[in-house]
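Dear colleague,

Please find the structure below, handed over for your reference.

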Amino acid sequence: MNAHPRPRVLLSTGTEARTRGLFREDSLTGRNYSQAVAAAGGLPMMVAVLDPALAGSYVETADALLLTGGVDVDPQRYGAPPSPSLGAVDERRDAFELALYRAFRGAGKPILGVCRGHQLINVAEGGTLHQHVPAVEGAWQHEQRDIRGAPIHEVSLTPGSALAAALGAERVRVNSYHHQAIDRLGQGLTAVAHASDGLIEAVEGRSGAFLLGVQWHPEMAFRDFPEQRAPFDLLVNAARRHAEAGRLLHSPA
Ligand code: MN
């Protein structure tokens, strides 16, 4: 047996109806998420949107969870009516990802959320979202036109946060492909990166296992901007520590 197996990272996906060929729905997310996890030393595994009742079984098969980007979280989840600018929502994806979040959090396993995943973490922790950033007073453009993932704006990092420590900096430039953002912060979270227009760009858990959400897309940038591998390194390293602690606990004396 491999003494240092790669930590297994479960990746959530979106669902898209095919418009040609076989009549079916496809489960998909960017291959770059899997490539970033693999580059950080993890073993990526993608899962379709399924019955939330399966979340408890998935938590036993993986060491960490990566909540990927995608459509808007249904504002019903945080008690708000739909804004005229709300994008597409996926109630089944919300339900499955929230169940995965609670299962992994409950088991003390590390979680990383990217873009929608960052917003979903905030909703899971009782927070709310701005449904349309262009409607927020003073907000910058956060939906950059360039689609290749290069940084477009700066964020200030909170000293002492895991993200700031991993990046070894107080500021980092990030890309920006979001029309929603965190409004009221969830109870269990600390904001650890801000744009200077006031938007929250990253959150960490106040206690318990490693928990990080980033509003930008490091999976699009980590090849050209190596510091952007940091969120994946943090996730995989936390997963390795958790898995090794579990093995020590269960190994025969
Ligand atoms: Mn942004």
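**Findings**

Ala-243 is located in helix α7 (residues 230-250); helices (H or I, at least four residues) and strands (E, at least two) are DSSP runs, numbered from the N terminus. With a relative accessibility of 13%, Ala-243 counts as buried, where buried means under 20% relative accessible area, exposed over 50% and partly exposed in between (1.4 Å probe, protein chains only). Ala-243 and Arg-6 are 237 residues apart in sequence, and their C-alpha atoms are 9.7 Å apart in space.

Please note that this is a predicted model, in which local features need pLDDT of at least 70 and side-chain atom pairs count only at pLDDT 80 or more, while totals for chains, interfaces and linings use all residues. Residues are numbered from 1 along each chain as its sequence is written, and side-chain values use heavy atoms, with hydrogens and water left out.

**The manganese site**

Five residues coordinate the manganese ion at 2.3 Å: His-142 (ND1), His-153 (NE2), Ser-176 (OG), His-178 (NE2) and Glu-201 (OE). Donors are N, O and S atoms within 2.8 Å of the metal (3.2 Å for Na, K and Ca); water is not among the atoms, so sites may look incomplete. The spacing of the donor residues in sequence is H-x10-H-x22-S-x1-H-x22-E. Ser-176 belongs to the loop between β9 (171-174) and β10 (181-182) and Glu-201 to strand β12 (residues 200-205), so the pair ties together parts that are 25 residues apart in sequence. Ser-176 is buried, at 0% relative accessibility, and Glu-201 is buried with a relative accessible area of 0%.

**Helices α3 and α4**

The axes of helix α3 (residues 91-106) and helix α4 (residues 116-124) come within 10 Å and cross at roughly 70°. Axes are lines fitted to C-alpha atoms, for helices over the stretch in contact, and angles run from 0 to 180 degrees between N-to-C directions. The two helices α3 and α4 are therefore roughly perpendicular to each other (angles under 35 degrees count as roughly parallel, over 145 as roughly antiparallel, 65 to 115 as roughly perpendicular and the rest as oblique).

From α3, the residues Arg-93, Asp-94, Glu-97, Leu-98 and Tyr-101 meet Arg-116, Leu-120, Ile-121 and Ala-124 of α4, contact meaning heavy atoms within 4.5 Å. Nine of the nine residues of α4 are buried. Just after α4, Gly-126 takes a positive phi of about 90°. Cys-115, in the loop between β6 (111-114) and α4, has a positive phi of about 55° although it is not a glycine. Cys-115 is also buried, with a relative accessible area of 7%.

**Two loop residues**

Thr-13 lies in the loop between β1 (8-11) and β2 (14-17) and is buried, with a relative accessible area of 2%. A polar atom of the Thr-13 side chain lies 2.9 Å from the backbone oxygen of Val-47. Leaving aside neighbours within four places in sequence, the contacts of Thr-13 include Ser-27, Met-46, Val-47, Arg-93 and Glu-97.

Gln-76, by contrast, is in the loop between β5 (64-67) and α3 and counts as exposed, at 65% relative accessibility.

With kind regards

Definitions and conventions
Polar contact = N/O pair within 3.5 Å; in protein donor to acceptor, adjacent residues only side chain to side chain.
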